[in-house]
Amino acid sequence: MPSRLLCDKRDYELLTIVREALDTEGAAAGDRRVWHPFLHPHGIKELAESRGLRIAYAVAHLLASLEAGELEQRLNALRILRMEVVDTAMGPLRRNTARVLLSVMKDLVRSPGEGRRQVELAHDFRMAATGKPRVVRAMLKRYHLLEMPEEWNQVAFDDHVHDAFTKGRKTSTHLIMDAWIKGIRRLRVIYYNYVSPGVAAELLQAAAIMGVEVRIGIEFSARFRGRFAHLVWSPRGFPDTESFLCFLAEPQVQAFMDRGREVSAFQSAYVSKALEAFNRIHAKELANLLGVEVPALDKEDFLEFVGAGQPSLLHLGSYIHGKLQPAMAAAAKTWREAWPELDEKQRERARARISACNALDPMAIADRYLEPKNNPDLENPNVPSDEPGTPSLLRLSPRELVDQLAQLHTDHKITLNLSGLRAEDVLEILYQCEGAITRLEIFNLKDHAAGQTGHVAEIARLQRAVNQGNVVTLKQVITEIMDKVSAAGGADAEDRLASLREVLHDIESLRAWYAATALEARIGSDSAGRGSKSPGMGLALADTLPRRARRQIASPTSAPLVVVPMRITALKRKTYLPRDKEGPLLSLLRRLPGMERAGSRVVEDWQVLDKSIRMETPGNIVSLGGKSASTEAPLILFPESSRQRSWVSWTYLNSKVKNVLKVLLGFAPAFLTFYLTKEWWVLAWLGALIWFSITGLRNILQSVLGGGGIRRSPLLKWNDLVSWDRLTDSLFFTGFSVPLLEYVVKTLLCERALGVTAGDDPVALFAILALANGLYISGHNMFRGLPRAAAAGNFFRTVLSIPIAVAANAVLGGVLSLAGVPDAPAVMQKWAAIVSKASSDCVAGFIEGLADRAVNMAQRRRDYRDRFSRIMDAYATLELLYPEQHAVELLAEPQKFRTAKAEAQDLEKIFIICALDLAYFWMYQPRARTAFARFMKNIPEEQRRVFFLSQKVLEGERQISLLFINGLVGANFRRALAFYLSRAKGYLATMAGYEAAFHKAE
């Protein structure tokens, strides 16, 4: 098929933009689309680039900066992304649409050189940006993402993940972005032995931008019975990022972090020795297994590969895996080419080696060749030692460690990592630390995947007994643990039994320590984003997800989702928030019995009962990540045919062609129905056109009414408000309603079977037609994935059309009678379906127009709130800069900014940006004027005065023109500058009029 029928021109433009953003050598070309991060996505930068391409550039720029870029670049990219994608997504599934957009763009960025695949992904991106529920849900399934509630109140979390500054693959910004995509709302990132202020700052700021609740946990190792127990310290009680960074800067904290750095350096020394041992011993073994040459590893190159992270065995496994990939791919190619000449024995060997290559991921390499068990000649860092050079932190017992942590900060939580621990170990450590350990990581998804959670059930039972505080139960559990230890025996059995007897004789103390503060449970994935067999990040409580997501989880084909054998009880909670201002009618209504909550805004969330976490099969906790994504495609001996596809699917057909086909496919059954069933030439030839005209006019009426009606901005033309894609969808489905209503219902059912006609019983006829039409409309609404409320509304609006249809039929009958038309009832019967259709669409145009109006009004309120809060924040900063004078004087006379402090001049730029965006809202955005008037009524007079004065910065034409020229909206600034120069004075005059009107009203 000719390439012009594949996707759209805008898809190729989008792909060009993505390539520009990722082309580090072409930075100058990409700079033309670098906008100021404070510009609103619905504001003046719409004149510089279309929304779809701006979103694409924002995502691509962010993903490019994750791999190469400074901290501030990554955070600025994330801020722009949040505004462009998350805050402005359209449709009934706004947040899920944003998640899909990010997922598609990540896929697009990671498909370099795959021309057709990239174009198809670009098309997917633009289609998802429309927010159509059916498209969005299909994309969610493709990317193995569960649908999340639009209220964003799901219980989704992960209490154990790693970023690139330990053993993870992703930077903190990348990690937060991926967590948001998966729907995670609470995250705890674990660092080993210490955390750097810069790392903490990036993580906390990125989380604040995306609205993810994040905690920092620092894992320390403490000596316990010849091995190390791992405790995670989470300092709390910091209101913002700055306060946490100030805490890290305290001398005693810095000294403790320096001791942690010593531990990391000590542990990293083993990694270097493991690299040397691999070169010396294991490389040959691996070469024999895979049948490829294993290159020698270079320590400096490895450290460069690790970057800012702490070198770990997982890093080394990833490094080795990357070095092997070219050789393994070349070997697979050689075997494929030689396959016809190989005998059966050689083919079997080739199959075995391909299988071995595919089974080898970073975790497998680390486990088979790098762990201390496979290098017995190296000193094991996981075994406590008193040798000189052992860091002081590694010489502490759990009790000594928690005591030192308590001296650093009183408000903290300490979690005991249960990996490698049994119930008797946990009981001893809890008792020794005297209640200082407040949490147990009761379930680790990585250990679960490795089959290492057999000890969890007994520990969970111990935890429940401790939290219940029942002496009898607690004594029974401790006794059973002692019996098990006694039966198992061992060198330290007597010493352990003595320690457990001490606990048994002091149950009251154990009970008292956890009487006020429960021993909480935490569940984490331990995800590092490396290795195809390791679990991905994220877990969710299934009960808090939408019905579709719960059905997907319960489906036998729900892989790669994993249902964890843990259960949590969560209670749904509704909070009713009264309005700030209530009118007299609403106040009177709220006094009536049962109407106390009338007019209140309802906020729904979930209250998790922490003590309810328990092991149970089946559980109600589902993993959100399946397995970590592999960065390499599996090697294959028999690739699928590489023959170029000569056809495109309906999904990737050019949109203009697709829209024409949709109209034609809908028109065909409509035309054939009228042509084959009507004798009168008007209906036979023009009936379908009349039917389609009614639908088209209804869609236009709906769009214009929703966008502002006759009071819209003069810069908004009526066709700017019409969604032509939505119009063609309506025409497609309305075409199939013609044979249903005109022939099946009206002719076969009503006229022939029931004897009901427009002349004899118009009420019954139009009621039946309305019911059939309502069922059809709600049916295709559900098929298209629209919300149930919309489908139900479209059904009941047909009921409202019945009296209109009856009245229209009566008027038609009267006109025909006055005109002397013979057999008027027969003529009325011919037009009955069209009359019913027109009546239904009149009601639909009005109701759906009001629905579109509500959507536009809600979006404009969000837009105005955003700009208003930005103005107020800037003004508050301005007041702090001039403590002895009124900052409002600067706003009243903007020229004073020229001689003000440098910080004040920076704030002036923020005022200018906000004013430009607000002027653009006023002139171009649907329903902006109505929303503005309503928004300003609820603003206190003092803040309203600041707002109107802040708009006066638009008087500085020369300065603002220079801002545009210097790249405020990128290099494509001409339309934006022309808009400002031609419309700013009129906008300022309008604002002055509003200010005077509000002042007079006060």
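Predicted model: local features only at pLDDT ≥ 70, side-chain atom pairs only at ≥ 80, totals over all residues.

**First stop: helix 11 and helix 13**

Select residues 251-290, which form helix 11, and residues 313-338, which form helix 13. Their axes lie 11 Å apart and meet at an angle of about 20°. Angles under 35 degrees count as roughly parallel, so helix 11 is roughly parallel to helix 13. The crossing of this pair is right-handed.

Now show side chains at the contact. On helix 11, pick Tyr-270, Val-271, Ala-274, Leu-275, Phe-278, Leu-286 and Leu-290. On helix 13, pick Leu-313, Leu-316, Ile-320, Leu-324, Met-328 and Trp-335. Colour the selection by class: the contact of helix 11 with helix 13 has 13 nonpolar residues, with no polar and no charged ones.

**Second stop: helix 19 and helix 20**

Move to residues 456-468 for helix 19 and residues 471-488 for helix 20. Here the axes are 8 Å apart, at an angle of about 150°. Angles over 145 degrees count as roughly antiparallel, and helix 19 and helix 20 are therefore roughly antiparallel to each other. Helix 19 passes helix 20 in a left-handed crossing.

For the contact, select Glu-458, Arg-461, Leu-462, Ala-465, Val-466 and Gln-468 on helix 19. How many residues of each class does the contact of helix 19 with helix 20 contain? Colouring by class gives 6 nonpolar, 3 polar and 4 charged.

Note on methods:
Residues numbered from 1 in each chain as written. Heavy atoms only, no water. Axes fitted to C-alpha atoms, helices over the stretch in contact; angles between N-to-C directions. Helix = DSSP H or I, 4+ residues; strand = E, 2+ residues; numbered from the N terminus. Parallel < 35°, antiparallel > 145°, perpendicular 65-115°, else oblique. Left-handed = near helix turned anticlockwise from the far one by under 90°. Contact = heavy atoms within 4.5 Å. Nonpolar A, V, L, I, M, F, W, Y, C, P; charged D, E, K, R; others polar.
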